[in-house]
Amino acid sequence: MPTLTHYLILSAVLFAIGTAGVFLRRNVITILLSIEIMLNAVNLTFVAFGRALGSVDGQIIVFFVMTVAAAEAAVGLAIVITLFRHRESLNPEAFTMLKW
Amino acid sequence: MFASFHAIVPMLCVTAAGFAAMVAEAFREKGEPMPIGPLGVVGLIGAAVSTALLWDRHATSFGVVTADNFGLFVTAILIVVGLLSLAISAPTVEREGLPRGEYYALMLFSLAGMMLMATATDLLVIFLALEVLSLAIYVLTGIRRDSQMGAEGAFKYFLLGGFSSAFFLYGIAFVYGLTGSTHLDRVGTLMAAQATSSGPLQILAVGLLLVGFAFKVSAVPFHMWTPDAYEAAPPAVTGFMSTGVKAAAFAAFVRVFLSALEPLIGGWSEIVWVLAAATMILGTVVGVAQTSIKRMLAYSSVAHGGYLLLALVSGNDTAKGAVLFYLLVYAVTNLGAFGIISVLETRDQANDRVTDYAGLWSTHPTLALMMTFFLLSLGGFPPMAGFIAKWYVFAAAIHAGYVWLAIIGVLTSVVSVFFYLRVIVMMYMSAPDADTRTTLPAVPQLAGAAIVISALIILYLGVLPTRVLEWAAASVSGII
């Protein structure tokens with residue numbers, strides 16, 4: 001029987017995977033996906049806490065977060081498209097116009 | 001029945017103006033002139049009137065937005081930021097041929113998000129407001145679609161912004177798990193009850209929220225996006241985001257950390273101490289090395305975030321009042337300075353190297369004089385408003401016993417004077433270099449008026465600050 005701790009550990013692992021992805025992956029689309037993984041890890045935390053506390057608030061919050069994540073993905077992909085038009089590349093190391 | 005809407009009327013006015021701008025652009029015939037900027041001014045005036053009417057009323061909407069005087073003071077700052085930004089933006093929009101409806105609608109939506117963030121009393125609403133303002137700002141940063149630098153800056157800002165939002169949200173999740181609520185009031189009460197036995201979850205909650213806020217107020221070591229985004233965006237947008245985002249984020253920062261999480265102050269005050277010291281020092285030291293005025297002002301804005309953190313760590317009522325006054329002064333000063341950078345820019349040339357300002361005194365004497373005012377105010381010279389603002393922040397820190405932090409603050413502001421003065425010396429004492437000299441454009445009337453008004457405001461606040469200081473001090477009592 002999984003307990004709250006199990007869910008929290010699972011979501012912490014997911015969050016860590018997302019964080020590592022942002023730093024380690026060399027493709028901007030994958031980096032955006034990593035941020036989505038982080039947000040979904042947080043969603044899992046909210047649902048787990050909501051269940052443990054016996055309230056639906058946690059699950060309602062998840063709907064808000066999903067909406068925000070969708071809006072963020074839309075804006076993010078639009079920015080990636082403008083970026084791709086200038087450089088024809090998805091490697092973040094190619095974007096070096098701005099430095100320190 | 002409509003009583004519960006009272007507290008959000010200022011935001012509704014601004015949002016309505018934003019929608020009107022969007023619809024007006026959609027129905028505009030090609031080439032037909034339409035006063036979309038003035039629509040925003042109408043919305044902001046509505047917001048200003050409703051803010052004045054709500055003053056001292058302590059209205060609450062739906063239990064998650066409270067128009068207390070603290071929130072209303074920040075709303076008033078944001079209205080000033082909005083009006084000045086609209087005036088400064090007008091010539092940029094014309095010159096660069098930017099899509100008017102999009103530009104003004106995004107600016108107004110982002111202002112509405114900032115106002116919501118300043119008055120929200122629920123962590124979830126603070127998060128939503130943060131996203132509303134950030135998403136609009138990401139797009140505004142990259143609004144010059146033909147500019148590669150704009151796209152890169154917008155992407156970096158977006159990436160780090162989204163990343164930090166996830167941390168912030170994770171922090172909210174732990175607060176919810178600990179207290180079963182996201183409402184600041186209840187969080188505060190329950191945190192106070194648990195304060196004696198602080199476990200790992202509390203540390204995680206506070207730490208993650210702190211990372212989220214530190215990103216938004218560009219505190220060191222989370223400031224990497226600041227110079228890039230500030231340099232890439234059109235200067236009018238930079239002026240808007242460097243002041244508006246800071247005001248909104250610091251309002252929420254003060255609300256969350258000095259009310260809901262105040263019971264845990266022993267746990268976070270030392271971390272914020274280190275953040276404040278690092279932010280002041282790095283912002284100043286790296287600022288000295290910059291050759292572009294925009295990047296110099298970006299690092300100066302990082303350093304100013306450090307002074308505000310110094311007030312935050314002091315945590316007493318004097319400090320909260322000092323934060324409000326500082327935010328107002330910083331907003332007007334920085335907008336004025338970026339306004340000048342914005343009017344000196346041409347379509348193909350940014351004209352933002354320090355050497356481009358050589359001999360400005362002989363070509364544009366009024367602009368040079370105004371720039372001198374703004375830079376002296378940023379450096380904290382009397383009789384400019386920046387002096388009074390810094391004075392109050394340092395006084396609050398010493399009063400709270402953070403003498404070393406105040407000393408670091410004073411030392412870094414002395415160093416920062418070096419790079420502000422370098423520009424001033426350049427403007428007055430060097431002759432323009434004949435070879436690299438670019439002809440600077442004539443100043444548009446509206447933006448010029450906004451710049452002069454900003455300068456008058458900082459002179460007024462520097463010479464006769466008492467009334468506004470009293471307002472700021474009075475608005476911090478009863479903050480939720």
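**Ground rules**

I number residues from 1 along each chain as its sequence is written, and chains are lettered from A and ligands numbered from 1 in the order in which they are written. In this predicted model, local features need pLDDT of at least 70, side-chain atom pairs count only at pLDDT 80 or more, and totals for chains, interfaces and linings use all residues, while side-chain values use heavy atoms, with hydrogens and water left out.

Helices (H or I, at least four residues) and strands (E, at least two) are DSSP runs, numbered from the N terminus.

**Entry 1: a pocket**

I looked for empty space. Rolling a probe the size of a water molecule over the atoms shows where such space is left. The search runs on a 1 Å grid over the protein atoms alone. A cavity is a set of points where a 1.4 Å probe fits but cannot get out. A pocket is an open set with protein on both sides within 12 Å along at least five of seven lines. Lining residues have an atom within 4 Å of a point. Grid points are joined across faces, edges and corners, and a volume is the space filled by probe spheres set on the points.

I took the second largest pocket, which holds about 450 Å³ of space. Its lining has 17 residues. Those nearest the centre are B:F73, B:A76, B:V80, B:L328 and B:W471. Which helix gives the largest share of this lining? It is α3(B), with six residues. Helices α2 (36-54), α3 (69-96), α18 (445-463) and α19 (466-475) of chain B each supply at least two.

I sorted the lining by class. Ala, Val, Leu, Ile, Met, Phe, Trp, Tyr, Cys and Pro count as nonpolar, Asp, Glu, Lys and Arg as charged, and the others, Gly among them, as polar. The pocket lining has 15 nonpolar residues, one polar and one charged.

**Entry 2: two cavities**

I then counted the closed spaces. There are two cavities of 30 Å³ or more.

The largest cavity has a volume of about 70 Å³. Helices α13 (317-344), α15 (365-379) and α16 (385-399) of chain B each give two or more residues to its lining. The largest share, four residues, comes from α13(B). By class I noted five nonpolar, four polar and one charged.

The second largest cavity has about 30 Å³ of space. Its lining includes B:S300, B:Y307 and B:Y420. Here α12(B) gives the largest share, four residues. B:H304, B:L378 and B:K390 are in this lining, and the lining of the largest cavity also lists B:H304, B:L378 and B:K390.

**Entry 3: a surface patch**

Next I checked the outside. Patches are made of residues with over 30% relative accessible area and no salt bridge; like charges are joined within 9 Å, nonpolar side chains (Val, Leu, Ile, Met, Phe, Trp, Tyr) within 5 Å. Areas come from the Shrake-Rupley method with a 1.4 Å probe; for residues, only the protein chains shown count as cover.

B:V41, B:I45, B:V49, B:L53 and B:L83 form a nonpolar patch with about 410 Å² of accessible area together. Helix α2(B) gives the most to the patch, four residues.

I found a cis peptide bond between B:V220 and B:P221, with omega about 5 degrees. B:P221 is in the loop between α8 (200-216) and α9 (225-232) of chain B. Another cis bond joins B:P382 and B:P383. B:P383 lies in the loop between α15 and α16 of chain B.

B:D56 is not a glycine, yet its phi is positive, about 70 degrees. B:D56 sits in the loop between α2 and β1 (59-61) of chain B.

**Entry 4: salt bridges**

Side chains of opposite charge can pair when their charged atoms come close. A salt bridge is a side-chain nitrogen of Lys or Arg within 4 Å of a carboxyl oxygen of Asp or Glu. I found 14 of them over all chains.

The side chains of B:D68 and B:R255 meet in one, at 3.1 Å, N to O. B:D68 is in the loop between β2 and α3 and B:R255 is in helix α10 (residues 235-260) of chain B, so the pair ties together parts that are 187 residues apart in sequence. Are these two buried or exposed? Both are buried (buried is under 20% relative accessible area, exposed over 50%, partly exposed in between, with a 1.4 Å probe and protein chains only).

B:E345 and B:R95 also form a salt bridge. They are 250 residues apart. B:E345 is buried, at 3%, and B:R95 is partly exposed, at 23%.

Last, I noted that B:R95, B:E96, B:R144, B:K294 and B:E345 are linked in a network of salt bridges.
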